[in-house]
Amino acid sequence: MVRAAALLPEVKSHYGDLKNYVGGGWRAAEATDWLEDTNPATGHVIARVPLSTKDDVDAAVQEALRGWDAWRRMPPLDRARHFFALRDLMEQRFEDLSRVVVQDMGKTIEEARGEVRRAIENVEVAAGIPSLMMGYNLADGAGAGIDEEVSYEPLGVFAGISPFNFPVMVQFWFWPYAVATGNCWIAKPSERDPAPMQLVMELVQRAGFPAGVVSLVHGAKDTVNAILDHPEIRGVSFVGSSAVARLVYSRAAAKGKRVQAGGGAKNVLVVMPDAKLDKVVSNLVSSCYGCAGERCLAGSIVVGVGEVHADLRRKFSDAAAALKVGYGLDETVQMGPVISSAHRDRVVGFIDRGEEEGAKVVLDGRSIRVAGYDGYFVGPTVLDAVRPEMSVARKEIFGPVASLFESEGLEEAVETINRSPYGNAATIYTSSGKDARDFRSRVRAGNVGINVGVAAPMAYFPFGGMKDSFFGDLHPQSRDAIRFFTDSKVVITRWP
Ligand code: NAD
């Protein structure tokens, strides 16, 4: 190996046997089963992850309950000060946090910096809790001399279960709002890349959050089920694949919990004949191949409307072919590996099946080799002449594979979007205000881009999702999150 990973600035090369963060300290899990966590670019094992048991989950819940009363009674402004402290610590360790994300998840350093920035933004927004949590009142609201008011109150212990693709950011869609409103939080990160949340908890500890208010419990399916079944956990925030989101939603709801559960995606990008193609192409490429296609907002199907298609196919494939693939800690790399060897095999299997079903492989990433690295790489891939019934057109691939459709008009393109069981994101590229307006009002997708390929809501807006891309009603981030993590209490007052 010429370019050994050690030559690039990793934070640590090994994180050892991970511990849970419970009751304000690090605690070995009771778990007897462990998983190996690998760096997707090098294939090296960088940590061992305990599969925490029911008792481990219960220990975190009991510590949370011990800390809850004092935390909920703390004035919102004082709770907010913990978030100001955390924000400063995250800024100080910004590069380290970003580099651990690259090392454990595989995205590029620039993409990781973007992820950590989004996490910090959620801390900044949640620090405004004294304003965000205000209720409202109406003098004489219930009759002459009878006033009525509503206030928002925390419920107790919440848990957050997150996917591998944004190992830091997705937890931050939820927990700053849950904790700022006066609840306690138990984070269960993905077992495939838990190291970044380990570093986050070190900062949470240094920011002075009281014992039990924020916990970290490692694990996989059985740990999740212990969370869903625990009688003292009042609600669950989940993000992952649709199949698991559906299971989590129904199991937690059956136990009387509040649930918000984001699922998978199959996002469509529509290029109209009047789009400015030269500007559109780089935007399309970053949507389809950013984070190696492992983004829930990634473009997966590109629809060329009318005469634009031939030109689009050529320019898009040329731009995709020019991407530099490698270990994301190298600042010049533009696309990293996928998360695991099993996932690489799954993505390659999709390309094989697409070809068998009649798609034309215009750009083939199946046999890419990256000099010096034995990780899980798949090169950018473009499939043309894809038809709606093909598996590559219907299923979420979650890899660097774009399928090109040709469409006669906007009507057909909108149908392509609305017939999908998913509804996470949809984009139109056009110069026509009329077509853009028609598109935004008709597509059934929760995050819509007009000449924007990754329509990622900022922290002060909810992160949308419809159909099988979201189960529940109140979404992550912002005012939706405040409502999800609080109960309304109405008080009617008369002083005779
Ligand atoms: P996943 O569903 O495999 O895992 C997500 C979480 O669920 C993990 O913490 C995992 O430990 C747990 N889990 C896995 N199987 C389980 C089971 N059978 N029972 C209980 N818990 C289980 O998802 P992933 O592969 O980590 O992440 C990728 C998926 O997440 C993609 O489908 C992607 O579209 C989706 N995603 C959606 C959004 C969104 O906002 N809708 C955002 C990011 C990712």
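**The domain interface**

Modeller: Domain 1 and domain 2 bury about 2,100 Å² between them, and carbon and sulfur atoms give 61% of that area. Keep in mind that this is a predicted model.

Colleague: Which residues in domain 1 lose the most area to domain 2?

Modeller: Pro40, Ala41 and Ser469. Together they account for 24% of what the domain 1 side buries.

Colleague: Where does the assignment put domain 1 and domain 2?

Modeller: Domain 1 is 9-263 + 469-493. Domain 2 covers 267-450.

Colleague: How many residues does each domain bring to the contact?

Modeller: Domain 1 puts in 27 residues and domain 2 puts in 26.

Colleague: And how far apart are the C-alpha centres of the two domains?

Modeller: They lie 31 Å apart.

Colleague: On to electrostatics. How many salt bridges cross the interface of domain 1 and domain 2?

Modeller: The rule finds one. For a salt bridge, look at Arg113 with Glu331: their closest N and O atoms are 2.8 Å apart.

Colleague: What about polar contacts between the domains?

Modeller: The count is 11 residue pairs, with both residues at pLDDT 80 or more.

Colleague: Which elements give two or more residues to the domain 1 side?

Modeller: Helix 3 (94-105) and helix 4 (109-126). Helix 3 gives the most, with five residues.

Colleague: How does that side split by class?

Modeller: Where domain 1 touches domain 2, there are eight nonpolar, 10 polar and nine charged residues.

Colleague: Switching topic. How many salt bridges does the whole structure have?

Modeller: The search finds 32. Asp311 and Lys315 form a salt bridge, with an N to O distance of 3.9 Å.

Colleague: Why does a pair at 3.9 Å count?

Modeller: Because the cut-off is 4 Å, and the Asp311 to Lys315 distance of 3.9 Å is within 4 Å.

Colleague: Where do Asp311 and Lys315 lie?

Modeller: Both are in helix 12 (residues 308-321). They sit four residues apart, about one turn of the helix.

Conventions. Residues numbered from 1 in each chain as written. Predicted model: local features only at pLDDT ≥ 70, side-chain atom pairs only at ≥ 80, totals over all residues. Heavy atoms only, no water. Domains from an automatic or database assignment. Contact = heavy atoms within 4.5 Å. Buried area = accessible area lost by both parts, 1.4 Å probe. Salt bridge = Lys/Arg side-chain N within 4 Å of Asp/Glu carboxyl O. Polar contact = N/O pair within 3.5 Å; in protein donor to acceptor, adjacent residues only side chain to side chain. Nonpolar A, V, L, I, M, F, W, Y, C, P; charged D, E, K, R; others polar.
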